[in-house]
Amino acid sequence: MTIHTVATSPIAGQKPGTSGLRKKTPVFMGRHYLENFVQSIFDVVGAEGKTFVLGGDGRYFNDRAAQVILRMAAANGAARVIVGQGAILSTPAASHLIRLNKTDGGIIMSASHNPGGPDEDFGVKFNMANGGPAPEAVTEAMFERTKVLTGYRMLDAQDIDLGRVGRVQLGAMVVDVVDPVADYAALMETLFDFGAIRAMFQGGFRMRMDSMCAVTGPYAVEILERRLGAAAGTVVNKEPLPDFGGMHPDPNPTWAKGLMDEMMGPDAPDFGAASDGDGDRNMVVGRGIYVSPSDSLAVLAANAHLAPGYAKGLAGVARSMPTSAAVDRVAEALGIASFETPTGWKFFGNLLDAGRATLCGEESFGTGSDHVREKDGLWAVLLWLNILAVRKQSVAEILAEHWARFGRNYYSRHDFEAVASDRADAMMAALRGALAGLKGQVFEGMTVSGADDFAYTDPVDGSVSEKQGVRVMFSDGSRFVLRLSGTGTEGATLRLYLERYAAGPAGLNLDPQEALAPVIRAAHGIARIAGFTGRETPDVVT
Ligand code: G16
């Protein structure tokens with residue numbers, strides 16, 4: 001088989017965002033687009049003699065992109081690629097395979113929670129040998145490489161059969177097609193008390209898991225229904241489809257509305273959960289009660305020792321800056337370190353590798369631990385199940401006890417989607433310009449105690465990341481944060497994060513939007529959101 005160098009020229013805009021390069025599918029399918037980016041990855045990380053993992057969330061173009069990436073890996077001298085059957089791997093399962101097989105990294109094809117299909121979104125990201133997303137220095141180097149690329153290497157070969165588990169030769173490279181679920185499920189069995197959870201299901205505990213026609217269906221059926229004995233039909237929307245059945249595979253109350261309705265209904269199951277396109281996000285709902293991701297992180301941190309994998313306790317916890325401080329209060333009570341990082345799972349990697357944090361989480365429905373280097377939707381669901389099985393209480397009871405002990409951080413995120421980029425940029429620039437004069441001013445009866453643009457110095461390697469979100473803090477502990485999403489593919493998505501602390505014992509059971517109303521008004525007043533963007537109300541509220 002011959003290797004060609006195909007002449008190409010740089011394509012503008014191949015800059016990875018919060019989590020890899022995400023673009024509209026037709027853009028990714030355009031001439032040389034995928035190839036240029038993949039060659040830039042290999043040029044930066046080197047492929048000669050290396051072993052990689054490859055998989056994706058099964059969205060439209062996943063199968064064809066996999067064949068291209070495999071031919072390019074072979075042409076660039078890779079020794080071996082481990083690929084999920086059907087080119088499918090959930091993001092946490094890919095992270096696990098990278099680590100388990102001590103490989104040199106992996107390529108994950110996913111645009112996560114963004115919709116899939118011929119006119120929707122596609123994405124590619126690279127994970128390092130530790131199983132985690134490439135850090136900023138590496139993704140920047142890839143971007144720089146895309147600007148000067150003149151050719152890419154391609155093996156002249158037919159598609160290989162990715163439908164059958166086993167070993168195939170592709171030029172001089174070995175391709176191992178593996179069961180996407182088996183190793184991941186085995187890892188989960190080492191972390192959680194499957195016996196206790198199985199007993200709970202045998203005792204009549206009912207659950208609904210919405211896989212949103214995305215990648216976690218096969219994982220959830222195997223683990224929840226087959227290994228843990230949940231009733232058949234517990235997992236719904238369980239077939240991964242190239243267009244996710246036309247759904248938006250983002251597990252939040254807006255896009256998982258069917259699950260929310262069922263959980264708030266008269267005959268609700270005991271526990272509900274949903275996961276996203278590539279299986280790294282989770283939403284957790286109790287009967288009649290929604291658990292915000294920030295609260296979920298705090299409850300998991302406070303109770304993780306009830307699961308065998310965490311019985312020794314936690315080294316520390318970490319959260320992204322816009323995530324509520326609820327977990328900080330738990331860390332304080334446990335006497336362990338807590339870290340505040342910029343948005344993006346890649347920022348947790350060093351803390352996990354250094355053993356300084358065991359649990360991490362984000363307001364964007366991501367929670368995980370040091371078992372992999374990605375957030376992990378099913379892992380979070382299983383940890384909740386383990387806690388429920390041990391405590392023998394409902395989700396509502398566990399939350400009520402948690403708030404009574406730690407107080408409640410009311411929290412919400414308001415998203416304004418597909419805003420014209422120039423307007424969003426102008427708004428952020430004006431807000432940044434106003435920060436210095438805000439301290440001491442009073443809005444809605446609250447005094448501004450501080451305002452800044454979040455910058456982070458990694459405590460492990462000293463790298464600095466600036467302009468990670470504008471935050472305005474008030475002296476009563478309330479705050480709001482504004483930043484532009486790094487994962488959208490259409491215009492700008494403006495995210496407004498809102499938080500207000502209630503120490504209790506009174507005022508712990510308000511509606512979050514009501515509790516946050518003064519902070520919402522203050523944020524709109526200070527940032528002049530409507531004036532700049534023309535938007536009065538958010539598109540998505542979580
Ligand atoms: C990615 C990142 C997360 C981040 C989320 C939202 O998640 O891995 O760390 O919180 O995007 O980012 P943004 O606010 O910039 O849109 P995923 O699930 O899309 O990989």
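On a 1 Å grid over the protein atoms alone, a pocket is an open set of points with protein on both sides within 12 Å along at least five of seven lines, a cavity is a set of points where a 1.4 Å probe fits but cannot get out, and lining residues have an atom within 4 Å of a point. Grid points are joined across faces, edges and corners, and a volume is the space filled by probe spheres set on the points.

The structure is a predicted model, in which local features need pLDDT of at least 70 and side-chain atom pairs count only at pLDDT 80 or more, while totals for chains, interfaces and linings use all residues. Residues are numbered from 1 along each chain as its sequence is written, and side-chain values use heavy atoms, with hydrogens and water left out.

**Pockets**

Select G17, T18, L484, S485 and G486, which lie nearest the centre of the largest pocket among its 33 lining residues. This pocket holds about 900 Å³ of space. At least two lining residues come from each of β2 (21-24), α5, α15 (421-434), β25 (479-484) and β26 (492-502); helices (H or I, at least four residues) and strands (E, at least two) are DSSP runs, numbered from the N terminus. The largest share of this lining, four residues, belongs to α15. By class, the lining of the largest pocket comprises six nonpolar, 15 polar and twelve charged residues. Here Ala, Val, Leu, Ile, Met, Phe, Trp, Tyr, Cys and Pro count as nonpolar, Asp, Glu, Lys and Arg as charged, and the others, Gly among them, as polar.

Next, turn to the second largest pocket, with about 660 Å³ of space. Its lining has 44 residues, and H113, N114, T487, G488 and R495 are the closest to its centre. β2, β6 (121-127), β19 (408-419) and β26 each give two or more residues to this lining. The lining of the second largest pocket contains eight nonpolar, 16 polar and 20 charged residues.

**Cavities**

The whole structure contains six cavities of 30 Å³ or more. For the largest, of about 100 Å³, select G20, K125, F126, A134 and T139, the nearest to its centre among 16 lining residues. α2, β6 and α5 each give two or more residues to that lining, and β6 gives the most, with four.

Then select F42, F52, V53, L54, I69, A73, V81 and I107, which line the second largest cavity. Its volume is about 50 Å³. This lining has eight nonpolar residues, with no polar and no charged ones.

**A helix pair**

Display α2 (residues 33-45) and α5 (residues 136-146), whose axes come within 8 Å and cross at roughly 125 degrees. Axes are lines fitted to C-alpha atoms, for helices over the stretch in contact, and angles run from 0 to 180 degrees between N-to-C directions. In contact (heavy atoms within 4.5 Å), F37, S40, I41, D43, V44 and V45 of α2 meet V138, A141, M142, R145 and T146 of α5.

**Backbone stops**

Finally, select G504 and P505, joined by a cis peptide bond with omega about 0 degrees. P505 lies in the loop between β26 and α16 (512-515). K102, a residue other than glycine, has a positive phi near 50 degrees, and is found in the loop between α4 (91-100) and β5 (106-109).
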